[in-house]
Amino acid sequence: PSLIEKVSRAPKAELHVHIEGTLEPELIFKLAQRNNVPLAWPTVDDLRLAYQFTSLQSFLDIYYAGTSVLQTEDDFYEMTSAYLDNACQNGVIHAEIFFDPQSHTSRGIGFDVFIPGMIRALENAREKGISTQLIMCFLRHLPESDALKTFADSREWFSRHPEWLTGVGLDSSENGNPPEKFARVFARAKAAGLRRVAHAGEEGPVEYIWQALQLLDSERIDHGVRSLDDPDLIAHLSDTQMPLTVCPLSNVKLRVFDTMADHNLRELLQAGVNVTINSDDPAYFGGHVNANYESVIDALQLTESECYTLLENSLMSAFVDTPTREQMV
Ligand code: ADE
Ligand code: ZN
């Protein structure tokens, strides 16, 4: 088999995927009709044609519009089940899945709707051999007070489902919304025994990566590709083996890099950084996790050894003990 075939079949963890970013245009239209939600695009094809992004914000505007079709517990179940089917086909044995509660509570859809819907899908997937956790992300373009209220409202759900709900994250519009804005809510999450991750250094400066580490006590950095701008930061990431959850197709679609050949993944690997490969928002960026591996293998001519490092990094950087390569073979 080719290297791409071997990597596609290999067991892997996915540590950076937004469940709302797995909503395919067909499912968006189906749920819009079922729930009588108006959409700005007349057909599925028109919606797909709108997926031409120039920046993170240009994507987020469409992503939040897509999210608006999610209304019932069954909608969240269907979306999550569809992602998990794809994940299984991509060799994913463990997934840590982000969700954006504020994009639902702001529309009057409560935790009692989306949490049971998602968990029902996670329970089914466990029988197919995929373990999962949910990470609740705060929308950084909203005020700190909104995040504090969301965390307070979520507490009973974290208590009720500690095996499924394990951590908090930080996402949405990065520039102008530094991690320091969320230091207090992350401190509360840590005090409650929750794991912590944050998007940083996707479009934003290296200063935001330092803040995520020092002020949020983040245990992984989501994206972090701008870290090569600061040699001291690269040395620190390498020394501490801080995981970066890199999403190559996302980075090219959102114009962080002009082409995949320009991606700095190999430089990160060569600097000894603990890099992993993930899909971010697979319905919007052109593929699930295996498509991300395939794209970097092709564009950067990754070696077999580099690919196994990436796969092993994904399993080792999860918040659970996953089987190591030695145990799998
Ligand atoms: N929400 C969904 N995808 C995101 C990304 N790539 N960056 C920030 N927020 C997001
Ligand atoms: Zn993301």
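**Ligand shell, sheet and core**

Biologist: Which residues are around ligand 1?
Modeller: This is a predicted model. Around ligand 1 sit His18, Gly21, Leu56, Tyr63, Asp171, Ser172, His199, Glu202, Ser250, Asp280 and Asp281.

Biologist: And by class, what does the shell around ligand 1 have?
Modeller: Five polar residues, four charged and two nonpolar.

Biologist: Switching to the sheet. What is the strand order?
Modeller: S1-S2-S3-S4-S5-S6-S7-S8. That makes eight strands in an open sheet, with parallel pairing.

Biologist: Which strands stand at the edges?
Modeller: S1, residues 12-18, and S8, residues 274-277. Each has a single partner strand, so one side of each lacks a neighbour in the sheet.

Biologist: How many degrees are neighbouring strands turned against each other?
Modeller: On average 25 degrees, direction ignored.

Biologist: Back to S1. How many bridges join S1 to S2?
Modeller: Five, and the two strands run parallel. S2 covers residues 92-99. Among the bridge partners, Glu14 has Ala95 in S2.

Biologist: Where does helix H16 pack?
Modeller: On the sheet. H16, residues 304-316, touches S1, S7 (243-246) and S8. The direction of H16 makes about 95 degrees with that of S8.

Biologist: What about H7, which strands does that helix lie across?
Modeller: S2 and S3. H7 spans residues 111-126 and S3 spans 131-139. H7 runs at about 155 degrees to S3.

Biologist: Now the largest nonpolar core. Which residues touch the most other members?
Modeller: Ile97, Phe99, Met118, Ile135, Phe138, Ala212 and Val275. The core holds 91 residues.

Biologist: Which helix gives the most to this core?
Modeller: H7, with seven residues.

Biologist: Take Phe138. What does Phe138 touch, not counting residues up to four places away in sequence?
Modeller: Ala147, Thr150, Val168, Leu170, Phe182 and Val185.

Biologist: New topic, Pro248. Where is Pro248 placed?
Modeller: In helix H12, residues 248-253.

Biologist: Is Pro248 buried or exposed?
Modeller: Buried, because 26 other C-beta atoms lie within 10 Å, and the cut-off for buried is 20 or more.

Biologist: Which residues does Pro248 touch, leaving out those up to four places away in sequence?
Modeller: Met260, His263, Leu265, Ile277, Asn292, Ser295 and Val296.

Biologist: And what separates Pro248 from Pro205?
Modeller: Their C-alpha atoms are 18 Å apart. Along the chain, the two prolines are 43 residues apart.

Definitions and conventions: Residues are numbered from 1 along each chain as its sequence is written. Chains are lettered from A and ligands numbered from 1 in the order in which they are written. This is a predicted model: local features need pLDDT of at least 70, side-chain atom pairs count only at pLDDT 80 or more; totals for chains, interfaces and linings use all residues. Two strands pair if DSSP finds at least two bridges between them. Helices (H or I, at least four residues) and strands (E, at least two) are DSSP runs, numbered from the N terminus. Axes are lines fitted to C-alpha atoms, for helices over the stretch in contact, and angles run from 0 to 180 degrees between N-to-C directions. Two residues are in contact if their C-beta atoms, placed from the backbone, lie within 7 Å. A residue is near a molecule or strand if its C-beta atom, placed from the backbone, lies within 6 Å of it. Ala, Val, Leu, Ile, Met, Phe, Trp, Tyr, Cys and Pro count as nonpolar, Asp, Glu, Lys and Arg as charged, and the others, Gly among them, as polar. A residue is buried if 20 or more other C-beta atoms lie within 10 Å of its own, exposed if 12 or fewer, and partly exposed in between; C-beta atoms are placed from the backbone. A nonpolar core is a set of buried Ala, Val, Leu, Ile, Met, Phe, Trp, Tyr and Cys residues joined through C-beta atoms within 7 Å.
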